Amino acid sequence: MATAQSHAQWSSRMGFVLAATGSAVGLGNIWKFPYMVGQSGGAAFVLVYLACIALIGVPILVSEWLLGRRGQKNPINTMAQIAHQHGHHRSWALVGAIGVLGAFLILSFYSVIGGWALAYMRDAIFGSFSGLDKTAIGTAFETFLAQPGELLAWHSLFMLLTIGVVAMGVAGGLERGSKLMMPALGLILIVLVGYGATTGGFGDAAAYLFNPDWTKLDGKVLLAALGHAFFTLSLGMGVMMAYGSYLGEDVNLLRAARTVVIMDTTFALCAGMAIFPIVFANGLDPAAGPGLVFVTLPLAFGNITGGLLLGSLFFLLLTFAALTSSISLLEPVVELLEERTPLNRIGATVVAGLTIWALGIAALLSFNLWSEVKFAGLNVFDLLDYVTSKFMLPLAGLGAIVFVAWKLKQDDVQRELQLGSGGFALWTLLARYVAPIGVLFVFWNNL
Ligand code: PHE
């Protein structure tokens, strides 16, 4: 049991890597990445996205872990303490604060979509898509969104599962949950890609994902790619900083980052190779947008042989992916409450979880009763998404990397990253210039 005196720790290096991968692999990989590829011109988007991951994502990921490991506390206290130790202003704690607040806000609407995944898993298992045509499936999705009671029930169940795992602690909950769910995720995805390979659409899907059409590449695609690199690696949300705070000295951060990034990217690309063959083989639209997973795919599942099993597996995959991410979003908030209030682990988890759940209700009402309640033209759901992904994540991520690259003693950083002089020169180039300028560029464009 974690107490303030003996801070919790991951039980093993592999447990940490799996938990971090679980955080990274989520709705972003399986729901968002394929439809973004579909909307932004296939492989050109994929290549830009990979560049963003390598040049900007990895340095920020490593910086957040490094800070968390040094602080061994929640992101706010970690930043305040390290800044103080190095003679910098305590206002650097803001970087942690924006992160924790970001995690809090994101989980509120992430859980709503996690609830959709649960609901669709039930539908898939009960064969509800079977024989429906395009209009009927579309209408079913709209009807589902129009019922606040339904959405509330599934959002509540999803949040309950999240709270249940997190309440069990770092090694006993987050790590154990990821150790169970991640292998299952991998297995399900292999089965689905294997199915894709048996359809006539596999070649088309591969061409779509891997043959770039550079004419589609413009500033907007670039921004979307970088924004998604942030989201998919769970950066700028206090999540990776919190995960770093449970790390021991023995873990090589760059090596861990390489594993997490390769797994995250593999999951995203495999999700594409599971989804697009079905889309192409059935003559459906790859650019369907957010409805790709909830409308286009069920249409296929309802009309192909083995669709019942494939559909059930697919939505189980989506649910697991969402859950290993949602637990990581709850963690920084729980860590903060645990350390700054008299609440114990379970109390902190319940209080944080219920507060986020309540905010999630406002998010789910944007699809029905409150669809006309708008701030600056955005409903609550879109507003939460917009403010977090366009402003808070880039700011917190930028703060973390600027602090590590410009404010810490660089000799120590080099030792901690276990880099020789050549490797560290490359790190410095990326961490001091490339990554911050990249983020600033995106941030500027968002303004
Ligand atoms: N990385 C997760 C995904 O791709 C989302 C996430 C964001 C999780 C931020 C935790 C923190 O879906």
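Not counting residues up to four places away in sequence, Thr232 touches Ala24, Asn29, Tyr49, Ile53 and Asp264, where contact means heavy atoms within 4.5 Å. The model is predicted, so that local features need pLDDT of at least 70 and side-chain atom pairs pLDDT 80 or more, while totals for chains, interfaces and linings use all residues. Residues are numbered from 1 along each chain as its sequence is written, and side-chain values use heavy atoms, with hydrogens and water left out.

**Exercise 1.** Determine whether Thr232 is buried or exposed, and find the polar contact of its side chain.

*Solution.* Begin with the helix: Thr232 belongs to H10, residues 219-232 (a DSSP run of H or I, at least four residues, numbered from the N terminus). Next, because its relative accessibility is 1%, Thr232 counts as buried (under 20% relative accessible area, with a 1.4 Å probe and protein chains only). Finally, the side chains of Thr232 and Asp264 are joined by a polar contact of 3.0 Å (N or O atoms within 3.5 Å, one able to donate a hydrogen and the other to accept it).

**Exercise 2.** Identify the helix that gives the most to the lining of the largest pocket.

*Solution.* Start from the lining, which has 39 residues, with Lys32, Tyr35, Met36, Asp385 and Lys390 nearest the centre of the pocket. H10 gives the most, with 9 residues.

**Exercise 3.** State which helix supplies the largest share of the lining of the second largest pocket.

*Solution.* Helix H3 (43-71), helix H12 (253-281) and H18 each supply at least two residues, and the largest share, 5 residues, comes from H12. A pocket here is an open set of points on a 1 Å grid over the protein atoms alone, where a 1.4 Å probe fits, with protein on both sides within 12 Å along at least five of seven lines, and lining residues have an atom within 4 Å of a point.

Conventions
Buried means under 20% relative accessible area, exposed over 50%, partly exposed in between (1.4 Å probe, protein chains only).
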